[in-house]
Amino acid sequence: MNAVPQRGANATPGTRLASLQQWVDEVAALTRPDRVVWCDGSDAEADTLQEAMMADGTLLPLNQDTHPGCVLHRSHPDDVARVEHLTFVCHERREDSGPNNHWMAPAEAHAKIDALFEGCMEGRTLYVVPYCMGPIDSPLARCGVEITDSPYVVANMRLMTRMGAAALARIEREGDEGKPLVRGLHSTGELDPDRRFIMHFPEELVIKSYGSGYGGNALLGKKCHALRIASHQARQEGWLAEHMLIVGIENPQGEVHYVAAAFPSACGKTNLAMLIPPESYREQGWKVWTVGDDICWMHPGEDGRLWAINPEAGFFGVAPGTSEKSNPNALHTIGRDTIFTNVATTDDGQPWWEGLDKRVPAKDWQGRDFDPARGPAAHPNSRFTVSAKQCPTFSAHAEDPQGVPISAIVFGGRRSNLVPLVFEARDWAHGVLVGAAMGSETTAAATGAVGVMRRDPMAMKPFCGYGFADYFAHWLSFDRPGAKLPKVFHVNWFRKDADGRFMWPGFGDNLRVLEWIIGRVSGEAAATESRIGHLPTFEAIRRDGLDIEDGTMRELLRVDEPGWQAEAVEVAAYLDELGVPAESPLRASLGAMA
Ligand SMILES: Nc1nc2c(ncn2[C@@H]2O[C@H](COP(=O)(O)OP(=O)(O)OP(=O)(O)O)[C@@H](O)[C@H]2O)c(=O)[nH]1
Ligand SMILES: O=C([O-])CC(=O)C(=O)O
Ligand SMILES: [Mn+2]
């Protein structure tokens with residue numbers, strides 16, 4: 001039966017944009033849902049959805065006295081993280097996807113995944129979710145429509161994007177002007193890990209995702225649109241779509257510098273974006289303002305600077321490790337109206353995860369009686385979804401249509417040895433090399449082994465929508481007459497000593513490093529030269545109120561000469577693997593390091 005289904009009782013009437021209506025009708029004909037609902041983003045709609053999800057067990061209640069408006073979702077135990085081996089970037093030409101992506105010919109990919117979509121929404125509701133990535137009135141924002149059969153995805157998209165009637169109005173206006181729209185089709189399918197694909201068609205601005213309900217696989221506005229598809233668009237149009245937090249650092253003089261930082265998944269973006277200054281800094285008047293915690297779109301402005309928006313409207317953050325001590329801001333943010341996914345619960349129904357406090361949970365993330373023999377109570381990649389507006393340090397400029405000007409770009413990874421606490425690149429090309437050479441030990445944010453060192457250029461290994469050699473060339477192209485580019489830095493919060501303990505306290509104390517970074521931007525902070533770039537002098541990182549020995553600090557700032565020579569050899573081989581040409585300025589920058 002290819003008949004287009006009747007719209008349900010509380011469905012809105014669709015769209016006047018013929019091309020969009022036609023696509024929705026085609027998808028409905030393929031997937032055969034019982035009902036089609038156009039989401040308007042209203043509170044009433046959210047309430048109706050939530051009631052239905054509570055009734056069928058998709059959402060479970062949490063303690064409303066301690067956590068008003070909060071709910072729990074337990075996902076299928078095989079569906080708890082991004083699946084990189086099942087994620088494809090399907091350019092017409094294989095070489096355009098690069099060696100950094102899994103590739104399939106677009107026709108084959110469509111055929112393969114459409115076969116799974118056939119009839120997959122029978123007995124279900126098809127939700128049409130119009131969304132805007134970025135402030136709704138921003139010229140830098142971009143729109144998309146996600147079709148999904150998962151009310152959990154709709155509820156998450158409502159927090160993570162500007163979703164509903166206002167987005168649809170912008171989409172229709174832009175449609176009249178012939179502007180492109182990103183179209184995403186998602187179904188949770190049967191949640192069978194062997195029938196799961198996340199496919200991207202950058203040239204068509206299309207995403208198709210089947211068989212997973214997990215964040216990065218299913219909330220298509222996030223990694224699929226705002227990074228993989230947007231990075232491809234950004235290359236064509238002369239901007240950057242990056243896996244970066246954006247944070248404003250206000251010094252005692254009241255000047256605010258905005259920093260964009262790329263760390264791989266579960267390597268500290270949310271924490272840095274919400275940093276609370278150490279006591280001695282607070283007393284002096286230092287403040288930190290949160291603009292974004294995961295994605296950053298940067299455009300060159302007329303003044304030559306890079307201006308950045310956070311395309312998201314919420315945080316999809318890692319729960320484990322979040323505590324009153326590590327990230328009180330996040331804890332305050334998620335005290336109400338939050339969706340928790342795969343956390344544990346206490347006997348009085350409060351959400352709980354490892355690192356939160358000393359209580360012993362009653363139920364683990366799968367709802368079983370907690371038994372430490374079975375591993376952590378909360379899944380290591382358990383998450384919270386919450387509106388950014390609830391963050392106490394949410395920047396007053398976070399929704400400025402023109403974005404915020406970026407003073408410094410920071411790269412970083414989880415490196416237990418070799419890489420110093422912080423260093424500064426000599427110039428833009430060297431900065432691009434530092435980003436390209438990034439390595440990090442893997443985390444639970446993607447399925448697979450944890451703690452294995454892998455190259456993750458600019459934290460974009462899983463997210464770049466085209467080949468890395470072209471991506472680096474695009475980055476290099478920003479160095480042109482009139483450009484006032486940010487300075488580029490590399491940080492490592494994760495150095496470990498011989499006993500496996502972190503050498504640097506991290507979290508709030510990372511402001512001490514940011515102070516040096518800002519000081520370099522304004523020309524005030526002292527540095528010494530080394531083969532890897534500029535390093536802080538021993539005194540340049542303030543240690544007042546910090547209990548850290550001179551020897552540890554020296555080690556954190558030491559350049560291990562033989563270690564870096566070996567690193568340079570590895571990086572050269574990696575650039576070869578990616579097809580970076582011999583004449584690329586990255587090679588000359590690397591030569592200075594070797
Ligand atoms: N030792 C140490 N751990 C940190 C630091 N910052 C964050 N972490 C830990 O790293 C883990 C991930 O931190 P997040 O800030 O959620 O990472 P993220 O980059 O936002 O992760 P995604 O949302 O997956 O992109 C948590 O367990 C944190 O407690 C730090 O400065 N030092
Ligand atoms: O995309 C996700 O599912 C979560 C996330 O932020 C990441 O992994 O970087
Ligand atoms: Mn992320």
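In the predicted model, Cys267 touches Gly412, Gly413, Arg414, Ser440 and Thr443 when residues up to four places away in sequence are not counted. Cys267 is located in the loop that runs between β13 and α9, and it counts as buried because 25 C-beta neighbours fall inside 10 Å, where 20 or more are required. The loop between β13 (256-262) and α9 (269-273) also holds Ala266, for which 22 C-beta neighbours are found inside 10 Å, so that Ala266 is likewise classed as buried. With neighbours within four places in sequence left aside, the contacts of Ala266 are Val318, Thr443, Ala444 and Ala445.

The domain assignment divides the protein into domain 1 (18-38 + 83-237), domain 2 (242-310 + 398-593) and domain 3 (315-390). Between domain 2 and domain 3, the C-alpha centres are 28 Å apart, and the contact is formed by 10 residues from domain 2 and 11 residues from domain 3. On the domain 2 side, the residues that touch domain 3 comprise 7 nonpolar, 2 polar and 1 charged. A separate annotation from the unreviewed UniProt entry, "domain: Phosphoenolpyruvate carboxykinase GTP-utilising N-terminal", covers residues 22-235; over this range the chain is 38% helix and 21% strand, and the C-alpha atoms at its ends are separated by 29 Å.

Ligand 2 is surrounded by Arg82, Gly215, Gly216, Lys222, Lys223, Ser265, Asp294, Phe316 and Ala445. Two or more residues of this shell are contributed by each of the elements α7 (215-218) and α8 (221-237). By class, the shell around ligand 2 is made up of 2 nonpolar, 3 polar and 4 charged residues. Because domain 1 (18-38 + 83-237) and domain 2 (242-310 + 398-593) both give residues to the shell, ligand 2 lies between them.

Elsewhere in the chain, Ala473 is part of helix α13 (residues 468-476), and it counts as partly exposed because 17 C-beta neighbours lie inside 10 Å. Although Ala473 and Val419 are 54 residues apart along the chain, their C-alpha atoms are separated by 25 Å.

Confidence in the prediction was examined for the protein and for the complex. The mean pLDDT of the protein is 96, with 98% of its residues at 70 or more. Among the elements, the lowest mean pLDDT (93) belongs to helix α17 (residues 585-593), and the highest (99) to strand β11 (residues 240-242). Over residues 1-10, by contrast, the pLDDT is below 50, and this stretch has 17 contacts in the model beyond near neighbours in sequence. Where pLDDT is low, predicted coordinates should not be read in detail. For the complex, the predictor gives an ipTM of 0.98 and a pTM of 0.97.

Technical notes:
Residues numbered from 1 in each chain as written. Chains lettered and ligands numbered in written order. Predicted model: local features only at pLDDT ≥ 70, side-chain atom pairs only at ≥ 80, totals over all residues. pLDDT = per-residue confidence, 0-100. Helix = DSSP H or I, 4+ residues; strand = E, 2+ residues; numbered from the N terminus. Contact = placed C-beta atoms within 7 Å. Buried ≥ 20, exposed ≤ 12 C-beta atoms within 10 Å, placed from the backbone. Domains from an automatic or database assignment. Nonpolar A, V, L, I, M, F, W, Y, C, P; charged D, E, K, R; others polar. Near = placed C-beta within 6 Å. UniProt positions renumbered as here; feature names shortened; annotations may be inferred.
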